Amino acid sequence: LMQERLNLGSRAAREQLLRPLWDPDGKGRDLASKSDGKRRKAEETLLRTAQRVAAEGPAGQAEVQYIVERLVKGLGSSRDMAGVGFSSALARMLRELPGISDSVKVMDLMDKHLELSGAVKRLGHREARSVAEGQVLGVKALMGHTGKGEKDGLGLLEGNVTLACGAATRVFAAMRDMGLKRPVAMQALAVLTTLIRNIPPKALTSHVLPALAPHPIPPPPPK
């Protein structure tokens with residue numbers, strides 16, 4: 001009986017956490033909404049619910065960890081403004097619930113759900129570009145950037161040169177795959193600039209440049 005109650009509580013918590021991630025009523029009230037205000041409202045609802053559920057103990061924390069995975073997966077969605085909304089929500093989840101996940105786990109989830117290698121063959125060009133954008137938005141979330149005026153910094157990547165180098169390599173590869181004319185390309189360039197500015201030159205030379213060498217960005221077409 002106790003296990004049944006726990007299972008019921010877990011399902012209820014998951015339903016509450018999932019609600020801001022999608023729009024069952026078709027009114028654009030979720031994290032993918034084209035309205036900034038509706039996305040912010042959904043984000044606040046998700047954060048409040050996640051904090052309450054996580055405080056209920058290990059079962060609640062497991063449900064919030066599941067939502068973190070859903071947010072990472074949603075970074076590569078082409079649905080309206082899902083990538084932007086999920087990235088901002090993920091950044092705040094990582095910052096305001098620090099025990100729920102960390103940069104290593106999030107990067108592992110990005111490898112699982114946002115694999116760039118062979119994406120065009122698996123998904124087609126349009127969805128593959130969305131996956132590449134998701135990689136950029138994931139790194140942006142790890143750096144704590146929600147698009148609301150934060151100072152440049154590395155966020156969860158701070159102090160970990162290996163992870164910062166890996167993030168820079170991801171962003172460069174994503175820029176190559178998604179095309180420089182995509183709207184998120186300027187964000188990618190800003191993220192990459194911040195990473196390079198904060199990574200020691202020796203680490204850039206030994207870890208980032210060798211990884212980039214086999215994958216040069218093609219020159220823009222002649223006008």
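A positive surface patch is formed by Lys-27, Arg-29, Lys-38 and Lys-41, where a patch comprises residues with over 30% relative accessible area and no salt bridge, like charges being joined within 9 Å, and where Lys and Arg count as positive and Asp and Glu as negative. Lys-27 is situated in the loop between helix H1 (2–18) and helix H2 (36–54), and with a relative accessibility of 45% it counts as partly exposed (buried means under 20% relative accessible area, exposed over 50%, and partly exposed in between, with a 1.4 Å probe and protein chains only). The model is predicted, so that local features require pLDDT of at least 70 and side-chain atom pairs pLDDT 80 or more, whereas totals for chains, interfaces and linings use all residues. Residues are numbered from 1 along each chain as its sequence is written, and side-chain values use heavy atoms, with hydrogens and water left out.

The protein contains 10 helices and 0 strands, these being DSSP runs of at least four residues (H or I) and at least two residues (E), respectively. Of its 223 residues, 43% count as buried. Among contacts (heavy atoms within 4.5 Å) between residues at least 6 apart in sequence, 69% join residues at least 24 apart.

Two buried loop residues illustrate such contacts. Leu-157, in the loop between helix H7 (125–142) and helix H8 (161–178), is buried at 0% relative accessibility, and its contacts beyond four places in sequence include Ser-103, Met-107, Leu-142 and Leu-195. Ser-101, in the loop between helix H4 (82–96) and helix H5 (103–113), is likewise buried, at 12% relative accessibility, and touches Val-68, Leu-94 and Val-106 when residues up to four places away are not counted.

With a salt bridge taken as a side-chain nitrogen of Lys or Arg within 4 Å of a carboxyl oxygen of Asp or Glu, the count comes to 9. One of these joins Arg-79 to Asp-30, with the closest N and O atoms 2.8 Å apart; because Arg-79 lies in the loop between helix H3 (58–74) and H4 and Asp-30 in the loop between H1 and H2, the pair ties together parts 49 residues apart in sequence. Arg-79 is partly exposed at 36%, whereas Asp-30 is buried at 2% relative accessible area. Asp-111 and Arg-170 form another salt bridge, the closest N and O atoms being 2.9 Å apart, and since these residues lie in helices H5 and H8, the pair ties together parts 59 residues apart in sequence.

Notes:
Patches are made of residues with over 30% relative accessible area and no salt bridge: like charges are joined within 9 Å, nonpolar side chains (Val, Leu, Ile, Met, Phe, Trp, Tyr) within 5 Å. Accessible areas come from the Shrake-Rupley method with a 1.4 Å probe; for residues, only the protein chains shown count as cover. The place of a charge is taken as NZ of Lys, CZ of Arg, CG of Asp or CD of Glu.
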